[in-house]
Amino acid sequence: MSEGASPPRRVSILGATGSIGRSTLDILRHAGPGAVEVVALTGRDNIAGLAEAAREFRAEVAVTADPSRYEDLKAALAGSGVEAAAGERAVIEAAARPADWTMAAIVGSAGLAPTLAALRQGRTLALANKECLVSAGGLFIEEAARAGAELLPVDSEHNAIFQVLDRPNRAAVEKILLTASGGPFRDWPAERIAEATPEEAVAHPNWDMGAKISIDSASMFNKGLEMIEAMHLFALRPDQVEVLVHPQSIVHSMVAYVDGAVLAQMGAPDMRHAIGHAFHHPARAPLPVERLDLAAIGALEFRAPDPVRFPALRLAREAMEAGGLAGCALNAAKEAALEAFMDRRLPFMGMAQVVEEVLSALSPFAPAGSLDDVFAMDALARAAAGERIAARIRASGLGKGAAFA
Ligand code: NAD
Ligand code: MG
């Protein structure tokens with residue numbers, strides 16, 4: 001380190017082997033020599049990828065969430081000097097190791113406890129995992145304030161809003177406009193969407209993402225989760241959060257002010273932009289992303305979402321208005337339904353139907369007092385969704401091992 005240079009930043013990545021995790025590693029590669037010291041990298045199934053990243057960045061520790069893969073990980077790290085660990089507890093412990101900047105990119109509600117452990121360090125948390133805010137938004141925001149942590153949104157829409165939010169004039173925000181590509185089924189008729197297969201749902205037109213979030217984009221549950229996420233992150237009322245379909249995915253979101261001004265953030269659809277922004281914030285640094293050629297793009301389109309073909313948006317709004325643990329119930333029922341869809345046990349439109357049934361069966365929703373309340377509701381909503389999925393399979397007369405699509 002040269003004289004006067006700042007010491008390396010200690011960085012951890014939870015979910016380092018996923019789509020966001022790999023993009024984060026790429027941002028670290030571009031940060032320059034000596035800029036970072038990697039503390040913990042976590043993953044689950046992709047042991048070879050986890051070990052390779054841990055060797056490249058000389059991480060202190062690499063952790064797989066799957067305890068049965070401990071020996072594999074240890075063997076893959078042999079001679080590297082990187083410590084190996086395994087199991088859910090070990091992921092949480094790794095998240096609690098002192099780090100200046102942590103990327104929270106575990107998918108789904110499995111990310112809740114590790115992300116909370118990282119947040120409690122009171123340092124900077126770059127938050128990609130949206131389920132934390134959807135399931136336990138109130139708790140996360142309170143914990144961040146208590147710990148003195150800086151919470152930086154990485155979900156591209158929320159990162160865009162963060163960039164154009166006029167903080168000194170925060171009260172002048174009228175509403176936010178979350179843009180949505182509309183996913184692969186944007187222009188499909190309802191009958192065709194009803195028969196969509198997992199392969200069709202996973203093929204996102206603009207963004208290259210993990211399988212679950214890609215399918216959530218096709219159903220627009222992803223945008224529904226993002227509505228709830230935005231409400232918590234930016235302390236908005238449900239009626240201040242709007243969704244706008246924007247097929248080009250160039251405007252990543254907008255903030256509308258009381259004086260009629262609308263501020264938008266634009267960029268190529270590449271998550272390394274939001275990740276890099278969160279990494280360098282409050283500075284700005286060159287990022288390895290494509291530059292926008294607006295003349296070549298020519299036109300940007302916007303339209304209102306279709307509530308009939310995409311009921312997820314209505315369900316999310318109902319959950320926002322219900323408050324308390326409704327977001328947790330929506331997310332858990334959706335995760336159970338999504339798994340059933342991926343296993344061909346549930347047709348595509350069955351996902352929203354199951355979520356709607358679970359929400360109405362479990363309402364009214366109490367506020368979340370602790371993470372235990374969140375886990376209890378998560379389990380309850382998953383079980384309720386499971387029962388409904390099983391009942392549908394029985395009613396269809398297909399029996400065990402039945403497959404849709
Ligand atoms: P992914 O499926 O590509 O990666 C998920 C990561 O989580 C992997 O490292 C995996 O090993 C780990 N993981 C999976 N199950 C786990 C478990 N039970 N315990 C511990 N670790 C586990 O997902 P992704 O697309 O990178 O998304 C990560 C998060 O970021 C999600 O919450 C997603 O909604 C959010 N997000 C993603 C994008 C995107 O472009 N991919 C954009 C915005 C927000
Ligand atoms: Mg997003």
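**Ground rules.** I worked with a predicted model, in which local features need pLDDT of at least 70 and side-chain atom pairs count only at pLDDT 80 or more, while totals for chains, interfaces and linings use all residues.

**Entry 1: α4 and α5.** I describe two packed helices by the angle between their axes and the distance between the axes. I looked up helix α4 (residues 88–96) and helix α5 (residues 112–119), whose axes are 7 Å apart at an angle of about 20°. That angle makes α4 roughly parallel to α5. Roughly parallel stands for angles under 35 degrees, roughly antiparallel for those over 145, roughly perpendicular for 65 to 115, and oblique for the rest. Axes are lines fitted to C-alpha atoms, for helices over the stretch in contact, with angles from 0 to 180 degrees between N-to-C directions. Helices are DSSP runs of H or I with at least four residues, and strands are runs of E with at least two, numbered from the N terminus. I noted the crossing of α4 and α5 as right-handed. For contact (heavy atoms within 4.5 Å), I found V91, I92, A95 and A96 of α4 against A113, P114, A117 and A118 of α5. Nonpolar covers Ala, Val, Leu, Ile, Met, Phe, Trp, Tyr, Cys and Pro; charged covers Asp, Glu, Lys and Arg; the others, Gly among them, are polar.

**Entry 2: α15 and two partners.** I then took helix α11 (residues 221–233) with helix α15 (residues 326–342), and their axes come within 11 Å and cross at roughly 160°. The two are therefore roughly antiparallel. On the α11 side I listed F221, L225 and I228, and on the α15 side G327, L330, N331 and K334. The contact of α11 with α15 has four nonpolar, two polar and one charged residues.

Helix α10 (residues 211–219) also comes within 11 Å of α15, axis to axis, and crosses at roughly 100°. That makes α10 roughly perpendicular to α15. I saw A211, K212, I215 and D216 of α10 meeting K334, L338, E339, F341 and M342 of α15. I sorted the residues of this α10 and α15 contact into five nonpolar, no polar and four charged.

**Entry 3: ligand 1.** I found 22 residues around ligand 1, with T17, S19, I20, R44 and E131 nearest; a residue is near if one of its heavy atoms lies within 4 Å. I20 has a backbone N or O atom 2.9 Å from an oxygen atom of the ligand. G15 has a polar backbone atom 3.3 Å from a ligand oxygen. For A128, I noted 3.4 Å between a backbone N or O atom and an oxygen atom of ligand 1.

**Entry 4: backbone details.** I found a cis peptide bond between H281 and P282, with omega about 10°. P282 sits in the loop between α12 (271–280) and α13 (294–297). The bond from S363 to P364 is cis, with omega near 5°, and P364 is in the loop between α16 (350–362) and α17 (371–395). R58, a residue other than glycine, has a positive phi near 50°. I placed R58 in the loop between α2 (47–56) and β3 (61–64).

Note on methods
Residues are numbered from 1 along each chain as its sequence is written. Chains are lettered from A and ligands numbered from 1 in the order in which they are written. Side-chain values use heavy atoms; hydrogens and water are left out. A polar contact is a pair of N or O atoms within 3.5 Å; within protein, one must be able to donate a hydrogen and the other to accept it, and residues adjacent in sequence count only if both atoms are side-chain atoms. A crossing is left-handed if the near helix is turned anticlockwise from the far one by less than a right angle, and right-handed if clockwise.
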